[in-house]
There are 2 protein chains.
Amino acid sequence: MSHEQFLDELISTLGADVAQRGADVPERYHTDWSGTPPQRPLALVRPRSTQEVSAVLRLCTAHKVAVVPQGGLTGLAGAAVPSQGAIALSLERMNTIESTDTRAGLMQVQAGVTLQAVQEAAVAAGMVFGVDLGARGSCQIGGNVATNAGGNGVLQHGMMREQLLGLEAVLADGTVLPMLRPMIKNNTGYDLKQFFIGAEGTLGVVTRVLLRLRPAPQATATTLVAMPDFDAALAVLKRMQSRFGNSVAAYELMWDSFVQASLSWLKLGAPFAESHPLLALINVDGKNESQLQGDVQQVLEEAMEAGEVLDAIVAQSVAQAQTLWKLREAPAELNNNMHPAINFDVSLPQADIGRFAQACEAAFSARWPGKHALYFGHVGDGNLHVSVDGKTVGGECEAVEAELYRLVGEFQGSVSAEHGIGLHKKPYLQASRTPQELAVMRSIKQALDPLGLMNPGKVFD
Amino acid sequence: MSHEQFLDELISTLGADVAQRGADVPERYHTDWSGTPPQRPLALVRPRSTQEVSAVLRLCTAHKVAVVPQGGLTGLAGAAVPSQGAIALSLERMNTIESTDTRAGLMQVQAGVTLQAVQEAAVAAGMVFGVDLGARGSCQIGGNVATNAGGNGVLQHGMMREQLLGLEAVLADGTVLPMLRPMIKNNTGYDLKQFFIGAEGTLGVVTRVLLRLRPAPQATATTLVAMPDFDAALAVLKRMQSRFGNSVAAYELMWDSFVQASLSWLKLGAPFAESHPLLALINVDGKNESQLQGDVQQVLEEAMEAGEVLDAIVAQSVAQAQTLWKLREAPAELNNNMHPAINFDVSLPQADIGRFAQACEAAFSARWPGKHALYFGHVGDGNLHVSVDGKTVGGECEAVEAELYRLVGEFQGSVSAEHGIGLHKKPYLQASRTPQELAVMRSIKQALDPLGLMNPGKVFD
């Protein structure tokens, strides 16, 4: 059966408003933030309801046409980049917040709602949503689910997997699985929703999500802390957690290379008179703002006496806290300043992260003299990000990747902490999974998507 | 191929110490706490290592013999009861705590370690483990994983699914999946360990678990609170959570019928001069014991002024707290006093639990005049337990079940919150899952266990 026939049927079924032929598809749907070379999809569909998603998938199954689900297109592993001959299925029109129940702490949304819209709606309801990441204004909840997103809130609340009670997904054949029961405890057979979290759209399309909201903290203290080395950074984290427990809401570590890039790209004023090897942005939740600031100050003074802290700023207002947090926003400018940026997102045993960063720096310098890499990350979760300037290493992106992933193997880490595998990390998946695990993944894929139509060529071949 | 030949091969491969013929299998392996009629297994194997588990499963696959994994045999849904012609695979000898890492908050154990042994080892290391339930002295971690156990700690820490970073499982064909990487974040393909949590042994045998430990609270206040009705109980819970946040570690509600049973079966002294409609056992964690007790006292006084609390005891010592908690231990005596006990474990929208209990009481009284049922549960999680005395309803167990599950459907609840489906709730699984979901469960089962040898006839047929 020809593609032409499929396209005719697609447009006549869904309408020209929902379905567009490839030639008419705007370029923004051709790739994502990963820098993958653009690929025009066979068609773009932008359904408005689960029923329309189901209709699209039924048609695709009938015509054996592949489907690439698209959210906010902010992924860094290329999972949402169209593959040849596949249609792109954008969830962007399914952007309704369907219900908010503050008593039960639940919010039901369609998958195309942006993370920021969810955060704002939660705050408007007097609560908070536990996931936060830099792409919040563009990324969509469905994509957050499909990649099991992490970000700045994991230390306190866990990953996306822990932020939802249910989801609705549509399988390749159009079957709708409405797993949206609003219950914390529901041990009735296999917990199918788990299969779709982190599957990067290869098992089905997430269309609705039942999110958990958290009580809003009454006060938050923000501090920016300068430290001499990684062991000091870890000691400060432990000191904070020992004093404030699970109220330590964020602990973001930035190596000086990253801080300098942020200051320059974002045209920010330097926070300290001199530069320091490491800065940490720390949020602590509590009840009373001035008391909390005092308590944080006290812990910092103890840490300073112990030689762990060189300098520190405790924000005295929300505005000052926001200014401090701007320092962490360099990643949004990576593609403008380090093109092509080679981005890494690795998990490591927490205690080894400092040595790992040193080993990377040594390996890169040996081969490509000079400074090319920024180091930063969610160190409280054992998660380090590294961004390398592809230009300054003579375009040898694959050699950079091989070098870094070799070190990840040596340190017994994971090649993807929170960004997923997508297209770009497929060659390295076997570094984090055994052949037996990969075989089971393939059998699950075969069970749920026997024709191999859901996001083919992503995660594994 | 005959069973005799299989048994000869099993014993010659594993040794007579590990493998016993059915005729030699002690009765305690014939059934579990669910009260299911005993069934002698074809053989009992008690492997000492993952390698031996794998060898057993390879042999079973070669001979097409079914396998029923057994932990502490404390399940209330019958998932560990042998099925005819199947061997029983007990994990009881795999009871080693392999490593404890207090810095990372991790403990790796074999699946046959009892929950209590894990709890005690965590405390010895200055931390706590987040799962606690009445069968702690007998139930095993592998069974806790296989049933996604809940219990008294869910309010603060979540279910068993949230208490582990990794697990090792063996598939029906003997394949070992060593998913034990000690990382919080590891988004590398499908998170296969999720598939085995709550699958009740129907997809494979859990052999090792990498558990998360939590920091030990510096102080805990325990209070027993008497309340006039369910709405008051909910108001007190909200009041406590609003004051103490996630430090409210337990909130166990007991209806008077349950309290009277506990007092009588366990020969305890009545905590209050008169009986009250509802009692709640509440634990709150904090830093300083006397200050915490004062804070709890203050909240209780406010609640008393608001008419939510009728009377209360704040424990002044660990010993007094333990005495108060004894009230919650009646379930261990159910089989001695209500034989056969018909046990329910349902999830409901939290706000409706009081009305649900009333509706059950009305429905039971209409058909079987008199009092037959105890009501208690983890109300903070929306989870209610009901135990009915099978004798006093004239042995009409199925009619009691049909009546209660009809009401669960009416209230849009779940037929199993934390006990699983096993054998006993199979007829009611469809009340909580759609036909489409059940079809997907079957396709997953087919993918991982194509010969249908893993715990056949459990969860679904």
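**Close-up 1. The lining of the largest cavity in this predicted model.** Strand β12(A) is the biggest contributor to the lining of the largest cavity, giving three residues; helices (H or I, at least four residues) and strands (E, at least two) are DSSP runs numbered from the N terminus. This is a predicted model, in which local features need pLDDT of at least 70 and side-chain atom pairs count only at pLDDT 80 or more, while totals for chains, interfaces and linings use all residues. Residues are numbered from 1 along each chain as its sequence is written, chains are lettered from A and ligands numbered from 1 in the order in which they are written, and side-chain values use heavy atoms, with hydrogens and water left out. Both α5 (154-157) and β12 (248-255) of chain A supply at least two residues of this lining. Among the lining residues are A:N152, A:L155, A:Y251, A:E252, A:H378 and A:D381. By class, the lining has five nonpolar, four polar and two charged residues (nonpolar: Ala, Val, Leu, Ile, Met, Phe, Trp, Tyr, Cys and Pro; charged: Asp, Glu, Lys and Arg; polar: the others, Gly among them).

**Close-up 2. The space inside.** Searching the whole structure turns up one cavity of 30 Å³ or more, and the largest cavity holds about 30 Å³ of space. Here a cavity is a set of points, on a 1 Å grid over the protein atoms alone, where a 1.4 Å probe fits but cannot get out; lining residues have an atom within 4 Å of a point. Grid points are joined across faces, edges and corners, and a volume is the space filled by probe spheres set on the points.

**Close-up 3. The four-stranded sheet of chain B.** Four strands in the order β1-β2-β4-β3 make an open sheet with mixed pairing; two strands pair if DSSP finds at least two bridges between them. At its edges are β1 (19-21) and β3 (67-70) of chain B, each pairing on one side only. Parallel strands β3(B) and β4 (residues 87-90) of chain B are joined by four bridges, and B:V67 sits opposite B:I87 in β4(B). Helix α1 (residues 3-14) of chain B packs on this sheet, touching β1, β2 (43-45) and β4, and its direction makes about 150° with that of β1(B). Touching means contact, with heavy atoms within 4.5 Å. Axes are lines fitted to C-alpha atoms, for helices over the stretch in contact, and angles run from 0 to 180 degrees between N-to-C directions.

**Close-up 4. The seven-stranded sheet of chain B.** Seven strands, in the order β14-β11-β13-β12-β16-β17-β15, form an open antiparallel sheet. Strands β14 (311-314) and β15 (341-347) of chain B are at the edges with a single partner strand each, so one side of each has no neighbour in the sheet. From one strand to the next, the twist averages 15°. Two bridges link β12 (residues 248-255) and β16 (residues 373-378) of chain B, and B:L253 has B:G377 as its bridge partner in β16(B).

Definitions and conventions:
On a 1 Å grid over the protein atoms alone, a cavity is a set of points where a 1.4 Å probe fits but cannot get out, and a pocket is an open set with protein on both sides within 12 Å along at least five of seven lines; lining residues have an atom within 4 Å of a point.
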